[in-house]
Amino acid sequence: MSHHGEDTKFATKLIHFGAEIDKATGASSVPIYQASTFHQEDVDAHQPYDYTRSGNPTRQALEDYIALLEGGTRGFAFASGMAAISSALMLLSQGDHVVCTEDVYGGTYRLLTTIMNRMGVESTFVDMTDLAQVRAALRPNTKAIFLETPSNPTLKITDIAAIVAIAQEHDVLTMLDNTFMTPYHQRPIELGVDIVLHSATKFLGGHSDVLAGLAVVASDSLGRRMKQIQNGMGNVLGIQDSWLLMRGMKTLKARMEGSETSARRLAGWLSEQADVEAVFYPGLPNHPGREIHEKQSTGYGAVVSFDVGSGERAKQLMSRVRIPLVAVSLGAVESILSYPAMMSHASMPREVRLQRGITDGLVRYSVGLEDIEDIIEDLEQALRG
Amino acid sequence: MKIESRLAQIGSIQEPVTGAVSFPVYQATAFRHPKLGQSTGFDYARTKSPTRKVLEDAIAQLESGDAGFACSSGMAALQTIFAYFSQGDHLIVSLDLYGGTYRLLERIMARFGVTATYVDTNDLDALEGAYQPNTKGLVIETPTNPLMMITDLELVCTWARKKGIVSIVDNTLLTPYLQRPIELGADIVIHSATKYLGGHNDVLAGLIVTKGKELSEQMAILHNSIGAVLGPQDSWLLMRGMKTLALRMERHEYNATAIAKFLLTHPLIDEVFYPALETHPGYEVQNKQSSGNTGIFSFKVKDARLVEPILRHIQLIAFAESLGGVESLMTYPAVQTHADIPLEIREKVGVDDRLLRFSVGIEHADDLIADLSRALEAAQAELEGASQA
């Protein structure tokens with residue numbers, strides 16, 4: 001369609017992504033093709049769909065949708081964010097080496113250190129904000145650099161273009177987990193990244209009701225290899241979930257804007273509180289990565305981490321809050337408060353955890369769509385008792 | 001309780017709040033913690049999800065295993081199991097195997113240093129011959145797809161146990177209603193639940209059942225780490241299908257037997273591969289270890305040129321990939337399901353260009369026979385017309 005040109009503004013792309021109207025009936029939403037197999041008219045003729053693991057019209061609409069939003073050549077939908085990440089890592093082979101950001105999501109860390117290592121793929125974890133460390137970690141067999149920016153939960157910023165330059169110089173693939181920013185705020189492929197990954201369970205889905213992963217690749221050759229892995233391993237997203245995810249993505253801009261505006265307010269308010277020791281949010285003037293972040297992203301996101309000084313105070317806060325869901329996960333219409341030391345990073349040895357800035361007093365607030373005045377009021381009563 | 005009763009009752013009377021007879025679809029990804037450091041047992045849907053858990057517990061019990069795991073497809077189940085192995089490990093695998101398994105092993109696992117040897121798993125000498133010091137697993141399909149070769153599970157699983165290797169049985173074609181490999185000594189059972197367990201060609205799913213504490217714990221970690229889990233809606237749909245498994249399997253077998261017998265004497269048919277037929281070489285072993293037969297079989301037409309017109313002329317029977325649904329489907333393995341297996345291996349096992357696979361549905365057998373009979377005659381007439389011209 002003509003209005004799907006490259007200059008179409010993001011908000012319009014979110015609504016008019018190419019499959020928003022069903023060709024056969026004119027229906028205003030992609031049909032849920034709950035079929036596992038497709039009748040073949042002719043033994044010799046090639047039809048677009050034969051078996052749902054290999055391709056399904058509903059899932060295809062979602063895959064084309066995310067490819068359009070991220071500006072890549074091809075999209076892939078997986079059963080979870082980890083299924084997407086494990087598929088991308090399966091592009092590697094035994095004997096290969098990965099350089100990964102040290103404060104990577106715990107699930108990715110576990111995959112690299114307990115499964116991929118047994119498959120003969122080695123990893124080195126570095127502070128990705130320090131380019132010298134990245135360079136020093138490269139080996140002749142390094143095949144991929146895996147980055148997350150902002151990182152979770154300490155919201156450190158990596159210079160995407162600088163990492164891409166190092167990677168290209170050494171003919172190494174770059175994979176970036178764009179879950180926190182979404183393509184609304186940050187489009188890594190435009191900065192030269194090869195593969196963008198998402199836990200679409202978070203902001204893309206946005207409603208804490210669908211578990212999903214997405215991958216977008218920057219080239220046709222990577223697209224073919226990724227397709228072979230997705231079809232071969234079969235870790236695809238179900239049809240109902242594909243539809244639900246698209247439904248969520250239509251409101252991505254509205255949700256991200258609302259949550260981000262509130263997150264900025266929250267981060268500012270927290271910075272003024274004497275009993276909050278530190279606030280981590282790339283939108284704050286004193287955030288060390290703010291300049292780099294502004295160069296590569298159009299917003300600061302909706303996740304704010306802060307340190308209340310001690311484990312005791314953190315636990316007190318968790319038990320007193322009334323608005324946020326106390327849970328793992330993030331990126332939903334409802335606010336979610338997590339305590340990394342006892343949740344996402346509980347399995348990490350305390351010294352390692354502290355070294356990575358995940359202190360006993362650190363909590364992570366994923367700001368939802370509730371009114372910011374209510375959120376602040378709730379936090380105030382929870383902090384002060 | 002008999003298996004029919006257990007199937008019908010999957011998920012029933014398990015919902016404590018409302019008493020809903022059908023277990024709810026919990027579409028939630030995150031679960032609120034009652035207190036810090038406390039959990040309801042559910043934290044994050046990838047790790048454990050209420051609807052999926054009912055399905056997982058049901059299949060574990062039906063297969064007489066200790067733990068069940070639901071995956072996004074049969075291949076996702078297989079890749080999750082394969083991640084149990086490491087670089088340098090070797091597997092022994094059924095020679096006549098599903099094309100997707102072959103592709104996963106040769107195109108993906110091989111790159112990570114996991115190698116495989118393909119043998120007739122019913123041949124103990126062949127198994128001994130394939131065994132290497134680094135052999136860690138044995139993957140068995142029985143019956144095989146599409147040639148319906150039977151492996152004596154008790155014999156072969158005992159062999160695997162003596163060697164200290166993990167035996168993995170693909171029970172897709174028989175389902176626990178007809179065969180329970182763990183009771184015969186298998187360590188892991190795997191299903192493409194897209195097939196008979198789901199039964200309606202409408203849900204893509206895979207299931208794993210493990211026996212033993214260590215294996216079950218390891219599989220739980222792999223399932224969560226790799227994340228190829230089944231969604232809640234699909235979990236619910238699959239359970240809905242499983243409730244009628246016993247009825248469907250009875251009818252599938254009845255229809256398949258009637259049609260296989262019809263084809264056995266048909267002048268255009270060379271061979272029929274179906275273990276329910278007394279002429280089948282695996283007939284006795286099949287009777288010993290299973291309480292019935294699957295609903296698919298394969299057959300060879302006399303002339304490969306008949307294949308294309310047969311597939312064009314069938315009307316009631318759909319020409320499509322997959323199997324195990326209430327609708328009848330015909331597949332041409334050489335170009336569809338088994339296209340990824342090299343020609344020499346395919347021909348060695350007999351998956352040639354004359355072979356058709358018939359997944360017999362639960363329509364009336366007479367209608368299916370009439371459709372097939374008419375398609376065969378029409379194909380023959382075209383062939384004769386072409387040779388006269």
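Mentor: A salt bridge is a side-chain nitrogen of Lys or Arg within 4 Å of a carboxyl oxygen of Asp or Glu. Keep that in mind for the interface, and note that this is a predicted model.

Trainee: OK. How many salt bridges are there between chain A and chain B?

Mentor: Zero between chain A and chain B.

Trainee: Which parts of chain A supply the side that touches chain B?

Mentor: Helices α3 (81–89), α4 (106–116), α8 (220–233), α9 (239–249) and α12 (311–320), plus strand β10, each give at least two residues. The largest share is from α8(A), with five residues.

Trainee: And what classes of residue are on that side of chain A?

Mentor: There are 32 nonpolar, 22 polar and 10 charged residues on the side of chain A that touches chain B.

Trainee: How many residues are in contact, and what area is buried?

Mentor: In chain A, 64 residues are in contact with 64 residues of chain B. About 5000 Å² is buried between the two chains, and carbon and sulfur atoms give 58% of that. In chain A, the residues that lose the most area to chain B are V43(A), R118(A) and M119(A), together 12% of what that side buries.

Trainee: Which residues have a positive phi without being glycine?

Mentor: S329(A) is one of them, with phi near 80 degrees. T175(B) also has a positive phi, about 65 degrees.

Trainee: Is S329(A) buried or exposed?

Mentor: Buried, with a relative accessible area of 7%. S329(A) lies in the loop between β10 (325–326) and β11 (336–338) of chain A.

Trainee: And where is T175(B)?

Mentor: In helix α7 of chain B, residues 175–178. T175(B) is buried too, at 0% relative accessibility.

Trainee: What does the pair of Y131(B) and W159(B) tie together?

Mentor: Parts 28 residues apart in sequence, because Y131(B) lies in the loop between α5 (124–130) and β4 of chain B while W159(B) is in helix α6 of chain B. Y131(B) is partly exposed at 26% relative accessibility, whereas W159(B) is buried at 8%.

Trainee: What about Y274(B) and F297(B)?

Mentor: They form a tilted pair, 5.6 Å centre to centre with 50 degrees between the planes. Y274(B) is in the loop between β8 (269–273) and α11 (283–289), and F297(B) is in strand β9 (residues 296–301), so the pair ties together parts 23 residues apart in sequence. Y274(B) is buried at 0%, and F297(B) is buried at 0% as well.

Trainee: Which residues are in the cluster with them?

Mentor: Ring pairs link Y274(B) and F297(B) with F299(B) and F358(B).

Terms used:
Residues numbered from 1 in each chain as written. Chains lettered and ligands numbered in written order. Predicted model: local features only at pLDDT ≥ 70, side-chain atom pairs only at ≥ 80, totals over all residues. Heavy atoms only, no water. Helix = DSSP H or I, 4+ residues; strand = E, 2+ residues; numbered from the N terminus. Buried < 20%, exposed > 50% of the residue type's maximum accessible area, 1.4 Å probe, protein only. Contact = heavy atoms within 4.5 Å. Buried area = accessible area lost by both parts, 1.4 Å probe. Nonpolar A, V, L, I, M, F, W, Y, C, P; charged D, E, K, R; others polar. Phe/Tyr/Trp six-rings, centres within 6.5 Å; stacked < 30°, edge-to-face > 60°.
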